[in-house]
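Trainee: I have a model to go through. Can we take it in questions and answers?

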Amino acid sequence: MAAERDELRQHYASAAREAEELEAIVDGMRDELQGNHRANEDRAAASMLASELGALSGQLEAERRKVAAMKQTIAAHEANHALLAASLVQKAQQTSPSERVAATPVRSR
């Protein structure tokens, strides 16, 4: 009987060690799966961020084009004002003082 009990204790101890080893393997696999799950979530988030970045880059480029067009419009207006001012100066230089007085509205005199 004592021999049977020792054999059962050894068998039980061996089974307990195997169970602990299997539990460690299962824990390792669980950790690996969780790591894979996190990696998949990270990839999905990175993909979404890349998509958003692409959209924002497109918007930024459109805004840059608008700014460039506005700068061209401003430059054209400034050039027109400079031409108008030069034309007015030239006309004023070609007008005699008596013509200037005659062209002045009556209320201003």
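The turns below go from overall shape to surface and salt bridges.

Mentor: Start with the source: this is a predicted model.

Trainee: What radius of gyration does the protein have, against that of a compact globule of 109 residues?
Mentor: Look at the spans first. Along its principal axes, the C-alpha trace covers about 145 × 25 × 15 Å. A compact globule of 109 residues would come near 13 Å, but the protein has 45 Å.

Trainee: What share of the residues counts as buried?
Mentor: The cut-off for buried is under 20% relative accessible area. The protein exposes about 9,900 Å², and carbon and sulfur atoms supply 60% of that. Of its 109 residues, the buried share is 1%.

Trainee: Which residues form a nonpolar patch on the surface?
Mentor: One member, M29, lies in helix α1. Together the patch residues have about 320 Å² of accessible area. They are L22, I25 and M29.

Trainee: How far apart do the centres of the positive and negative side chains lie?
Mentor: Take the two sets separately. There are 14 positive and 17 negative side chains. Their centres lie apart by 27 Å.

Trainee: How many salt bridges does the structure hold?
Mentor: Side chains of opposite charge can pair when their charged atoms come close. The cut-off here is within 4 Å, nitrogen to carboxyl oxygen. The pair R9 and D6 meets it at 3.6 Å. The total is 5.

Trainee: Is R9 buried or exposed?
Mentor: R9 and D6 both sit in helix α1, 3 residues apart, about one turn. D6 is partly exposed at 39% relative accessible area. The cut-off for exposed is over 50%. R9 has 54%, so R9 is exposed.

Trainee: Why are R65 and E61 separated by about one helical turn?
Mentor: Their side chains meet in a salt bridge, 3.9 Å from N to O. R65 is exposed at 52%, while E61 is partly exposed at 35%. Both belong to helix α1, and they are about one turn apart because their spacing is 4 residues.

Trainee: Which residues do salt bridges with shared partners join into one network?
Mentor: R65 bridges to E61. R64 also forms a salt bridge with E61, with the closest N and O atoms 3.9 Å apart. R64 and E61 are 3 residues apart in helix α1. The network joins E61, R64 and R65.

Methods
Residues are numbered from 1 along each chain as its sequence is written. This is a predicted model: local features need pLDDT of at least 70, side-chain atom pairs count only at pLDDT 80 or more; totals for chains, interfaces and linings use all residues. Side-chain values use heavy atoms; hydrogens and water are left out. Helices (H or I, at least four residues) and strands (E, at least two) are DSSP runs, numbered from the N terminus. Buried means under 20% relative accessible area, exposed over 50%, partly exposed in between (1.4 Å probe, protein chains only). Patches are made of residues with over 30% relative accessible area and no salt bridge: like charges are joined within 9 Å, nonpolar side chains (Val, Leu, Ile, Met, Phe, Trp, Tyr) within 5 Å. Accessible areas come from the Shrake-Rupley method with a 1.4 Å probe; for residues, only the protein chains shown count as cover. The radius of gyration is taken over C-alpha atoms; the globule rule is 2.2 Å times the number of residues to the power 0.38. Lys and Arg count as positive and Asp and Glu as negative; His and the chain ends are not counted. The place of a charge is taken as NZ of Lys, CZ of Arg, CG of Asp or CD of Glu.
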